[in-house]
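Keep the 3D view open as you read.

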Amino acid sequence: MANLNNKTALVTGGSRGIGAAIARRLAADGARVAITYIRGADAAARVVKEIESAGGEAIAIHADAADAKAVTAAVEQTASTFGGLDILVNNAGILIPKPFEETTLEEMDLVIHTNLRGVLAATQAALRHLKAGGRIITIGSCVGERNMMPVLATYAATKGAVKMFTQSLSREVAPRGITVNNIQPGPIDTDNNPAAGDWAPPQIAITALKRFGHVNDVAAMVAFVAGPEASYITGASLTVDGGANA
Ligand code: NDP
């Protein structure tokens, strides 16, 4: 377990899936946690309740990751509620699987605004609060580095972009003692990508381990990178993908 006592974390898109697992894990490791959501108010409230029942502190904030003003306000609300911010986890992300030539400009904008613009806005807002030891962690994807599946061109472009953003920003903020890293999951069983879905078999086929991963596999990596033992890791893209990119 990482020691995150007296740290405050904001996890975007924390009501379900990978984000909810990250929120639970960071709270279990001692952090106060804020999560954002867009539609799942009840699910977000359940995550908060679970954390509180286990003795932790958490709040849920309605904030559309595609709306820069909303994510900036979520950062401010987190910092004012808990008296600062130490860890930002840019997790909220969407996928609209479609052949590129059939993808509308509106769909492209939605994916780019949620997966990239929102990450940039949240990170900029967080940097106004982060001190030495601060952590910026983005959930990219193994397809941000190598993509063996069709219908993911726009999504993969956003995940490749957050990889380069991570590398670039790490050099800017290193003098302040802040690290910036990108965690790249492979197929992880969530609502967004169910292990029992029609689309699962080709994804399983490209992994070395021949199976989907669990949300806690990603949460464990985030907790490690958020913790004090990861202070020499920055600008890195760390895959948790069952060997999909091996
Ligand atoms: P899910 O669809 O299962 O969960 C998405 C979460 O993000 C929900 O809490 C949802 O909230 C929230 N969310 C979605 N859109 C927004 C938005 N505009 N603003 C705020 N919150 C939002 O997704 P996953 O857990 O599977 O994915 C999480 C991240 O991991 C994404 O960035 C995804 O690209 C990445 N990833 C996932 C992989 C996988 O196989 N699952 C593989 C590689 C990367 P609400 O309940 O309100 O809708």
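Predicted model: local features only at pLDDT ≥ 70, side-chain atom pairs only at ≥ 80, totals over all residues.

A residue counts as buried under 20% relative accessible area, as exposed over 50%, and as partly exposed in between. V151 has a relative accessible area of 28%, so V151 is partly exposed.

Find N6 in the segment before β1. The relative accessible area of N6 is 63%. The cut-off for exposed is over 50%, so N6 is exposed.

Now turn to the sheet. In what order do its strands lie? The order is β3-β2-β1-β4-β5-β6-β7. These 7 strands form an open sheet, and the pairing is parallel. At the edges are β3 (58-62) and β7 (237-240), each of which pairs on one side only. From one strand to the next, the twist averages 20 degrees.

Follow the pairing through the sheet. Strand β1 covers residues 8-11 and runs parallel to β4, joined by 3 bridges. Here V11 stands opposite V89 of β4. Strand β4, residues 87-90, is in turn joined to β5 by 4 bridges, and these two also run parallel. V89 has I137 as its bridge partner in β5. Between these two strands the chain passes through helix α4 (residues 105-127), and this β-α-β crossover is right-handed.

The next pair is β5 and β6. Strand β6 spans residues 179-185 and pairs with β5 in the parallel sense over 5 bridges. The bridge partner of T138 in β6 is N182. This time the chain crosses through helix α5 (residues 153-173), and the β-α-β crossover is right-handed.

Is β5 mostly covered or mostly open? Strand β5, residues 135-139, is mostly covered, with 5 of its 5 residues buried. R135, I137 and I139 point one way. I136 and T138 point the other way, and all of these residues are buried.

Helix α4 touches β4 and β5, and its direction makes about 175 degrees with that of β4. Helix α5 lies across β5, β6 and β7 and runs at about 160 degrees to β6.

Helices also pack on each other. The axes of α1 (residues 17-28) and α2 (residues 41-53) come within 10 Å and cross at roughly 20 degrees. Angles under 35 degrees count as roughly parallel, so α1 is roughly parallel to α2. The crossing of α1 past α2 is right-handed. On the α1 side, the contact is made by A20, A23, R24 and A27. On the α2 side, V47, E50 and I51 take part.

Which residues join α3 to α4? Helix α3 (residues 68-82) packs against α4 at an angle of about 35 degrees, with the axes 9 Å apart. This crossing is right-handed. From α3, the contact uses A68, V71, T72, V75 and E76. From α4, it uses R117, G118, A121, A122, A125 and A126.

Methods: Residues numbered from 1 in each chain as written. Heavy atoms only, no water. Buried < 20%, exposed > 50% of the residue type's maximum accessible area, 1.4 Å probe, protein only. Pairing = 2+ DSSP bridges. Right-handed = clockwise from strand over helix to strand, strands pointing away. Axes fitted to C-alpha atoms, helices over the stretch in contact; angles between N-to-C directions. Parallel < 35°, antiparallel > 145°, perpendicular 65-115°, else oblique. Left-handed = near helix turned anticlockwise from the far one by under 90°. Contact = heavy atoms within 4.5 Å.
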